[in-house]
Amino acid sequence: MTVKQRNPRKLAGNGKPPQRSVTQTRLEGDGSQPVIHVDWRRIITRLLMIVGIMVAVYFTKANKMTPFATQKEEIKKRSVDITCSEDYSKELSQFQGCIPTKCGRVVWDSVVSQSEAAALLNIAHRGLALGGSSGGASILDLHSGALSQGSSFVNIYKLDLVKTVFNDDDFKIYSHVKSKIHQAIADHFGIRRERLYLTHPTFFSRITSAPPKTIHDEYWHPHVDKETYESFHYTSLLYLTDYGYDFEGGRFTFIDKDTNRTVEPRKGRVSAFTSGSENLHYVEQVKSGARYAITVSFTCDPTHAITDPTLHT
């Protein structure tokens with residue numbers, strides 16, 4: 001990454017050099033000592049600039065980018081085991097039957113069929129057509145009814161058109177696919193399916209290259225799901241469009257000590273991982289097109305469980 005150098009500061013109109021961050025003045029009176037005035041605003045601004053550059057260098061140069069799953073390959077199953085973070089292991093110790101035999105991440109192209117992914121994409125198109133964020137990231141939550149609209153959210157179930165947009169078959173396919181992902185996660189991480197519960201938020205997302213308008217549009221910041229959403233214990237993503245064809249950018253990236261490992265979205269691909277700090281990650285900014293996916297989240301805590309949505313929610 002190249003960083004453009006700023007032009008040298010021009011002298012002010014009176015021929016004096018610009019004021020510096022630290023200046024000395026004397027108090028009026030008899031021989032008082034100089035008093036140092038610190039321009040903290042300028043210092044903080046410069047520090048923020050330095051931090052920003054360091055972060056940019058870290059993510060674009062210091063760490064290598066290693067493909068974990070590319071769009072062009074069809075993967076029956078690919079996984080990697082990671083040591084569970086201490087805080088994650090401590091919390092899950094109270095939920096017997098839901099403790100993973102190993103933490104880590106896994107990708108399948110064999111869990112959800114192409115026809116099922118196409119049906120879900122059609123649901124996303126119809127639902128998001130009723131709203132949409134003014135920024136780059138829009139969501140549709142069939143459980144709570146939350147739908148991005150402008151810079152805020154509306155309840156889709158309170159819109160007059162909702163019953164003409166969705167039908168019972170839409171919710172049946174949604175629940176069927178969710179159940180398949182539920183079973184795959186339980187099997188892979190060695191936990192009891194009945195001890196694993198769907199949790200909020202579980203939602204469709206559409207990401208475009210539109211500039212952000214609110215904090216909700218800034219999806220690209222590195223984060224840990226368990227810190228963002230307290231109820232999360234296992235996170236999964238079902239991709240509904242293809243990287244490199246339907247959109248550019250938008251790869252899902254795990255941040256590891258030695259390298260960054262990327263998952264390129266592929267229609268029907270499911271990516272799942274334990275939600276603790278062992279899986280720090282971010283999503284690249286979408287450069288063009290539209291990236292559609294469904295976040296399907298699970299918890300071991302029955303007090304955070306949600307039920308499948310229905311048309312009359």
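How do the residues of the lining of the largest cavity divide into nonpolar, polar and charged? They divide into two nonpolar, nine polar and two charged, where Ala, Val, Leu, Ile, Met, Phe, Trp, Tyr, Cys and Pro count as nonpolar, Asp, Glu, Lys and Arg as charged, and the others, Gly among them, as polar.

The model is a predicted one, in which local features need pLDDT of at least 70 and side-chain atom pairs count only at pLDDT 80 or more, while totals for chains, interfaces and linings use all residues. Residues are numbered from 1 along each chain as its sequence is written, and side-chain values use heavy atoms, with hydrogens and water left out.

The largest cavity holds about 70 Å³ of space, a cavity being a set of points on a 1 Å grid over the protein atoms alone where a 1.4 Å probe fits but cannot get out, with lining residues having an atom within 4 Å of a point. Of its 13 lining residues, Ser-133, Gly-150, Ser-151, Thr-214 and His-216 lie nearest the centre, and strands β8 (146-150) and β9 (152-155) each supply at least two of the lining residues; strands (E, at least two residues) and helices (H or I, at least four) are DSSP runs numbered from the N terminus.

The second largest cavity, with about 50 Å³ of space, has a lining of six nonpolar, one polar and one charged residues. Helix α5 (168-189) and strand β19 (291-299) each supply at least two residues of this lining, and α5 gives the most, with three.

Lys-178 is one of the residues that line the second largest cavity, and Lys-178 also forms a salt bridge (a side-chain nitrogen of Lys or Arg within 4 Å of a carboxyl oxygen of Asp or Glu) with Asp-308, the closest N and O atoms being 3.0 Å apart. Because Asp-308 lies in the segment after β19 and Lys-178 in helix α5, the pair ties together parts that are 130 residues apart in sequence. Lys-178 counts as buried at 11% relative accessibility, whereas Asp-308, at 30%, counts as partly exposed; buried means under 20% relative accessible area, exposed over 50%, and partly exposed in between, with a 1.4 Å probe and protein chains only.

A further salt bridge joins the side chains of Arg-266 and Glu-74 (3.9 Å, N to O). Arg-266 is buried, with a relative accessible area of 17%, while Glu-74 is exposed at 65%, and both belong to a network of salt bridges that also links Asp-109 and Arg-269.

Conventions
On a 1 Å grid over the protein atoms alone, a cavity is a set of points where a 1.4 Å probe fits but cannot get out, and a pocket is an open set with protein on both sides within 12 Å along at least five of seven lines; lining residues have an atom within 4 Å of a point. Grid points are joined across faces, edges and corners, and a volume is the space filled by probe spheres set on the points.
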